[in-house]
Amino acid sequence: MIEKLKAAEERYEQILEDLSKPEIVSDQEKYKELMKEQKKLTPIIEKYREYNSVYEAITEAEEMLSDKLDDDFRDLVESEYKENKEKLPAIEEELKVLLLPRDENDDKNVIVEIRGGAGGDEAALFAAVLYRMYTMYADSVGFKTERLTSNETGLGGFKDVSFMIEGDGAYSRFKFESGVHRVQRVPETESQGRIHTSTVTVAVLPEMEDVEVEINNADLKIETCKSSGAGGQHINKTESAIRILHIPTGIVVECQDERSQFKNKDKAMKILRSKLYDMKAQEQHDKIASQRKTQVGTGDRSERIRTYNYPQGRVTDHRIGFTLYSLENFLNGDISQMLDALATADAAERLKNSEEL
């Protein structure tokens, strides 16, 4: 590990030197590439330097304690020595996690799809609650959101809604949200006060560029039609809605939220590229999962991952057994603690698997 860290520090110093060269500054593409690499290395180097500082302090204290010291000074040195000795193992573990291979999609924007499942109107209403929760969280951390397509119900819910979240590291924050979200609550229309259980399915897809996913136009069947939905002067007057069928896979994407046919097609193609990439990634994942079951990040959209229990005011993630008793705040976008817990559990699982190899 230390050899890897030394090599990383050398590379980091080289990048800093290169970034100061006029020929690099004038080459915007190269400059951005180096800045991106520097950003990835920075947390590793900072932690490595902290490790070195603590390790040196321990070595220095050991040398001092081998000499004759007056009692008060010896107590002070021993105290600092003990404190640093306790720090070191935790720093080593953090370094191991930082050195784990990163998900190549972590820095990408994401497309999130939310679909009502079992529960009819109640599921559609909760789909709208989750949409609001995710967009509020995204706004709170400086991410930009854009709705891509939606199918609304008359009660203010969504049969389905797809939206883009743009921001540095968006995928790394949202990638563990894929799966079945279960809600337990008393619907407003329930006169007997009985708790109903409904489900909503969430899919999180990294945004893919044209160069990353090749799509043959001959494999596409593109249809235009009049938009349909709840209200609006524009609805049903122009053929701006787009429906794209990817013939080899049978994937169908529809988009009607924009007035412009061109904009709807552009959004639909973004979703299609991400779906095709996700299909390939899922095939790869299934091969790995058959050999080793992981605790977090399965991406299995049939897996019940979380329960939102309104009567008890709690939200529980079943993959890591993590419960928060602050459901109202959670649904208002305060989900960082849950996302951090999932990321930590995933890192611990990957670290365990890497040590077993």
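Author: K96 and E93 are separated by about one helical turn, because they stand three residues apart in helix α4 (residues 71–98). Helices here are DSSP runs of H or I with at least four residues, strands are runs of E with at least two, and both are numbered from the N terminus. The model is predicted, so local features need pLDDT of at least 70 and side-chain atom pairs count only at pLDDT 80 or more, while totals for chains, interfaces and linings use all residues. Residues are numbered from 1 along each chain as its sequence is written, and side-chain values use heavy atoms, with hydrogens and water left out.

Reader: With which residue does K96 form a salt bridge?

Author: Side chains of opposite charge can pair when their charged atoms come close. A salt bridge is a side-chain nitrogen of Lys or Arg within 4 Å of a carboxyl oxygen of Asp or Glu. K96 forms one with E93, the closest N and O atoms being 3.3 Å apart. K96 counts as partly exposed at 30% relative accessibility, and E93 likewise at 36%. On this scale, buried means under 20% relative accessible area, exposed over 50%, and partly exposed in between (1.4 Å probe, protein chains only).

Reader: How many salt bridges does a search of the whole structure find?

Author: The search finds 24. One of them pairs E9 with R49, with closest N and O atoms 2.9 Å apart. This pair links distant parts of the chain, as E9 is in helix α1 (residues 2–19) and R49 is in helix α3 (residues 28–65), 40 residues apart. E37 and R11 form another salt bridge, at 2.8 Å between the closest N and O atoms. Since E37 lies in α3 and R11 in α1, this pair ties together parts that are 26 residues apart in sequence. E37 is partly exposed at 27%, and R11 is partly exposed at 31%.

Reader: Is R306 buried or exposed?

Author: R306 is buried, with a relative accessible area of 0%; its place is in strand β9 (residues 304–309). A polar contact is a pair of N or O atoms within 3.5 Å; within protein, one must be able to donate a hydrogen and the other to accept it, and residues adjacent in sequence count only if both atoms are side-chain atoms. The side chain of R306 has such a contact of 2.7 Å with that of E177, and one of 3.2 Å with that of Y308. R306 also belongs to a network of salt bridges that links E177, R306, D317 and R319.

Reader: Which residues have the most contacts inside the largest nonpolar core?

Author: In soluble globular proteins, nonpolar side chains tend to be buried together. A nonpolar core is a set of buried Ala, Val, Leu, Ile, Met, Phe, Trp, Tyr and Cys residues joined through side-chain atoms within 4.5 Å. The largest has 35 residues, and those with the most contacts inside it are I114, L130, Y134, I165 and Y308. Helix α5 supplies the largest share, nine residues. A second, separate core of 19 residues includes L148, L205, V213 and V253.

Reader: Where does S162 lie?

Author: S162 is in strand β3 (residues 158–166) and is buried, with a relative accessible area of 6%. Contact means heavy atoms within 4.5 Å. Apart from neighbours within four places in sequence, S162 is in contact with V112, E113, R147, L148, T149 and I271. The C-alpha atoms of S162 and R147 are separated by 6.2 Å, although these residues are 15 apart along the chain.
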